[in-house]
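Please read it alongside the sequence and the coordinates.

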Amino acid sequence: MSQNLIKAGVIVPSQWPLARVWLEVATLLSIAPRHIERLEFWPHQIWVKIQQKKAVFVSYRRLPLWKETGLDSIQNCSERSSLEQLGEMLSLEVKHYKNQYNPVILEEWRSAWAKKSQYFKLEAQRQAQEEERLKPIREREQAGQQWHEGWKTILHYCNSFDSLERLAPELQQQSQEFADLPEGETAMQLWHQRWQELTQATA
């Protein structure tokens, strides 16, 4: 895992609005924006040419945009694993570039990460509770499907009207047990369908 947020593609300064970068660099250097002749995005910093002065370098990490993009990356994590990976990356990033970070930025990142982590924790608990709530329903639906398939097989091998008639009461009784499921409502349709098949076969 790269400890550099730029190399990892988490933060891509070249996608920042140039006008805003221009203003933030000017503010950081305590100069008027018009005094900047040109900006260039280098791999790890911004090359800044100032009127009638030598060019200077400005770290991306000192701009408000850097903090905002980092916060956006945390907020945009869609699952716990990606948040954990980003957390490790942020920790390594801060350790490696500690002198370039304002403590306020670090605290905002930590707070945002903790809040997002808590969200995923609560969401996982909610999903577990929902799964537990639905478990009996799903088990009953599965039982209904298995019962339905079992009768379908039985009726398929039933080759006489007498045997069909003997099975009808039991099928009707069991259908009542699954009356709340589609399988319970349609079970007798299988019986009638098999009766029609035998009728056609003996016609």
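E24 touches L63, P64 and L65, leaving aside residues up to four places away in sequence. The model is predicted. E24 sits in helix α1. Its relative accessibility is 11%, so E24 counts as buried, the limit being under 20%.

How many bridges join β2 to β3? There are four, between residues 45-50 of β2 and residues 56-59 of β3, and the two strands run antiparallel. W47 stands opposite F57 of β3. V48 stands opposite V56, also in β3. The hairpin of β2 and β3 has five residues between the strands. In that hairpin, Q52 takes a positive phi near 60°.

**Aromatic pairs**

A pair of aromatic rings is described by the distance of the centres and the angle of the planes. A search of the whole structure finds nine aromatic pairs. One of them joins W42 and F57. Their ring centres are 4.9 Å apart and their planes stand at 65°; the pair is edge-to-face because the angle is over 60 degrees. This pair links distant parts of the chain: W42 is in the loop between β1 and β2, F57 is in strand β3, and 15 residues separate them. W42 has a relative accessibility of 36% and counts as partly exposed. F57 is partly exposed too, with a relative accessible area of 42%.

F161 and W195 form an aromatic pair as well, and this one is tilted. The centre-to-centre distance is 4.6 Å, with 55° between the planes. F161 lies in helix α5 (residues 161-177) and W195 in helix α6 (residues 182-202), so the pair ties together parts 34 residues apart in sequence. F161 is partly exposed at a relative accessible area of 28%. W195 is partly exposed at 25%.

W16, F41, Y60 and W66 form one aromatic cluster. A charge also meets a ring: the charged end of R61 sits over the ring of Y97, 3.7 Å from its centre.

**Helix pairs**

Two packed helices are described by the angle between their axes and the distance between the axes. The table sets out two such pairs.

| Helix pair | Axis angle | Axis distance |
|---|---|---|
| α5 and α6 | about 170° | 9 Å |
| α2 and α3 | roughly 155° | within 10 Å |

Are α5 and α6 roughly parallel or roughly antiparallel to each other? They are roughly antiparallel, because their angle of about 170° is over 145. On the α5 side, the residues in contact are F161, L164, E165, A168, L171, Q172 and S175. They meet G184, A187, M188, W191, R194, W195, L198, T199 and T202 in α6. F161 and W195, the tilted ring pair, are thus among the residues where α5 and α6 meet.

Helix α2 spans residues 64-75 and helix α3 spans residues 80-96. These two helices are roughly antiparallel as well, because roughly 155° is over 145. W66, S73 and I74 in α2 meet L83, L86, L90 and E93 in α3. W66 also belongs to the aromatic cluster with W16, F41 and Y60.

**L106 in helix α4**

Helix α4 spans residues 103-156 and includes L106. Is L106 buried or exposed? At 12% relative accessibility, L106 counts as buried, since the limit is under 20%. L106 touches V94 and Y101, again leaving aside residues up to four places away in sequence. H35 lies 71 residues from L106 along the chain, and the C-alpha atoms of the two are separated by 31 Å.

Note on methods
Residues numbered from 1 in each chain as written. Predicted model: local features only at pLDDT ≥ 70, side-chain atom pairs only at ≥ 80, totals over all residues. Heavy atoms only, no water. Pairing = 2+ DSSP bridges. Phe/Tyr/Trp six-rings, centres within 6.5 Å; stacked < 30°, edge-to-face > 60°. Buried < 20%, exposed > 50% of the residue type's maximum accessible area, 1.4 Å probe, protein only. Lys NZ or Arg CZ within 6 Å of the ring centre and 35° of its normal. Axes fitted to C-alpha atoms, helices over the stretch in contact; angles between N-to-C directions. Parallel < 35°, antiparallel > 145°, perpendicular 65-115°, else oblique. Contact = heavy atoms within 4.5 Å.
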